[in-house]
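Subject: Structure handover

Hello,

Here is the structure for you to look over. My notes follow below it.

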Amino acid sequence: MQPSKVGRVLASDASLQPVVEKARQISALSKLCFDFLPPGLARLVRAINFNDRPKDRQLVLLAASPAAAAKLKLLSEALLAFVLQHGAQVNSVSVRVQPGAGNVPEVTSRAPRQLSPRALQELQDLHQKLPDSPARKALKTLLDHHLKR
């Protein structure tokens, strides 16, 4: 596959080489993050920067929601270890939140499920037959919930 016109221009201009190299570093680190993180979380995270100062080689990640950021912060030490195992020279991982930065799934409400009259009757019969137990109490809670509707 031939490089695109933009790729050829970037490769030919010596003054842009530091920018191209940094983009390659961020892309490689992003791929490592994607390989490490669970798929649902990986969709909500992007590597946006890599500060490569000698004493502070920090990978900066952008999370699409506060919940994704919290999960990412919990996994940051393990992620750092994973990235180091794969040869990246990173000292720390920083997490920032920017809502809308990823593909956040929309939350949609579902209509409550109704038990059929026959199923409801069977459960009531079962409740009458069960001895006093946690299962009988749980079944009573379920029946009360469905009968209130």
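**What I found**

P134, K137 and T141 of helix 6 are exposed. Exposed means over 50% relative accessible area, buried means under 20%, and partly exposed lies in between (1.4 Å probe, protein chains only). L139, L143 and H146 of helix 6 are buried. These three cover an arc of only 65° around the axis, so they sit on the same side of helix 6. The arc is taken from the directions that run from the helix axis to the C-beta atoms. P134, K137 and T141 lie on the other side of helix 6.

What do the buried residues of helix 6 pack against? They pack against helix 5 (117–129). Contact here means heavy atoms within 4.5 Å. The length of helix 6 agrees as well: its 14 residues (134–147) should span 20 Å at 1.5 Å a residue, and the end C-alpha atoms are 20 Å apart. The expected span is 1.5 Å times one less than the number of residues.

**Ground rules**

This is a predicted model, so some limits apply: local features need pLDDT of at least 70, side-chain atom pairs count only at pLDDT 80 or more, and totals for chains, interfaces and linings use all residues. Residues are numbered from 1 along each chain as its sequence is written, and side-chain values use heavy atoms, with hydrogens and water left out.

pLDDT is the predictor's confidence in each residue, from 0 to 100. The mean for the protein is 81, and 82% of its residues reach 70 or more. Helix 1 (residues 5–12) has the lowest confidence, at a mean of 67. Helix 4 (residues 66–85) has the highest, at 91. Where pLDDT is low, the predicted coordinates should not be read in detail.

**Overall layout**

The protein has 6 helices and 3 strands. Helices (H or I, at least four residues) and strands (E, at least two) are DSSP runs, numbered from the N terminus. Along the sequence the pattern reads α-α-α-β-β-α-β-α-α.

The protein has 149 residues, and 28% of them are buried. Its accessible surface is about 10,700 Å² (Shrake-Rupley, 1.4 Å probe). Carbon and sulfur atoms hold 57% of that surface. Take the contacts between residues at least 6 apart in sequence: 58% of them join residues at least 24 apart.

**The strands**

Strand 2 (residues 56–63) is mostly covered, with 6 of its 8 residues buried. Strand 2 pairs with strand 1 (residues 45–53) in the antiparallel sense, over 8 bridges. Two strands count as paired if DSSP finds at least two bridges between them. The bridge partner of D52 is R57 in strand 2. Strand 2 also pairs with strand 3 (residues 92–97), this time in the parallel sense, over 6 bridges. L62 stands opposite R96 in strand 3.

**Helix 2 and C33**

Helix 2 (residues 17–36) has 20 residues. From first C-alpha to last it reaches 29 Å, close to the 28 Å expected. Its buried residues are V20, I26, L29, L32 and C33.

Which residues does C33 touch, leaving aside its neighbours within four places in sequence? L59, L61 and L79. C33 counts as buried because its relative accessibility is 4%. C33 and L61 are 28 residues apart along the chain, and their C-alpha atoms are separated by 9.3 Å.

**Two more positions**

K71 is found in helix 4. It counts as partly exposed, because its relative accessibility is 42%. K71 and L41 are 30 residues apart in sequence and 8.1 Å apart in space, C-alpha to C-alpha.

N91 lies in the loop between helix 4 and strand 3. At 41% relative accessibility, N91 also counts as partly exposed. N91 and Q58 are 33 residues apart along the chain, with 5.8 Å between their C-alpha atoms.

Best regards
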